[in-house]
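Biologist: Please walk me through this model. I would like to learn how to read its features.

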Amino acid sequence: MYWFTGITDPELFRRGEDVPSNHSPFYAPQADTAIPVGVDALVAAARASLG
């Protein structure tokens, strides 16, 4: 299985700026927000898949 998670500063969207993808050298997710959300999502998906 493969999961995509990521958190980008919503201000970038509001200003209409390009949001760099995860392979861009400018990719900079908000780690304080992205890591807990990503861990929660991964754990929930793994528990659902592995039963």
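Modeller: We start with the ground rules, then go from fold to surface.

Modeller: This is a predicted model, where local features need pLDDT of at least 70, side-chain atom pairs count only at pLDDT 80 or more, and totals for chains, interfaces and linings use all residues. Residues are numbered from 1 along each chain as its sequence is written, and side-chain values use heavy atoms, with hydrogens and water left out.

Biologist: How many helices and strands does the protein have?

Modeller: Helices (H or I, at least four residues) and strands (E, at least two) are DSSP runs, numbered from the N terminus. Here there are 2 helices and 0 strands.

Biologist: What radius of gyration does the protein have, and what would a compact globule have?

Modeller: The radius is taken over C-alpha atoms, and the globule rule is 2.2 Å times the number of residues to the power 0.38. For 51 residues, a compact globule would come out near 10 Å, but the protein has 13 Å. Along the principal axes, its C-alpha atoms fill a box of roughly 40 × 20 × 15 Å.

Biologist: What percentage of the residues count as buried?

Modeller: Buried means under 20% relative accessible area, exposed means over 50%, and partly exposed lies in between (1.4 Å probe, protein chains only). Of the 51 residues, 12% are buried. Areas come from the Shrake-Rupley method with a 1.4 Å probe; for residues, only the protein chains shown count as cover. The protein's accessible surface is about 4,400 Å², with 59% belonging to carbon and sulfur atoms.

Biologist: Which side chains meet in salt bridges?

Modeller: Side chains of opposite charge can pair when their charged atoms come close. The rule asks for a side-chain nitrogen of Lys or Arg within 4 Å of a carboxyl oxygen of Asp or Glu. It gives 2 salt bridges. Arg14 pairs with Glu11 at 2.8 Å, N to O. Both sit in helix 1 (residues 10-14), 3 residues apart, about one turn of the helix. Arg14 is exposed at 62%, whereas Glu11 is partly exposed at 30%.

Biologist: And Glu17: what is its partner?

Modeller: Arg15, with the closest N and O atoms 2.5 Å apart. Glu17 is partly exposed at 37% relative accessibility. Arg15 is partly exposed at 48%.

Biologist: Which residues form a nonpolar patch?

Modeller: Patch members have over 30% relative accessible area and no salt bridge; like charges are joined within 9 Å, nonpolar side chains (Val, Leu, Ile, Met, Phe, Trp, Tyr) within 5 Å. Here Ile35, Val39 and Val43 form one, with about 260 Å² accessible together. Ile35 lies in helix 2 (residues 31-50). Ile35 counts as exposed because its relative accessibility is 54%.
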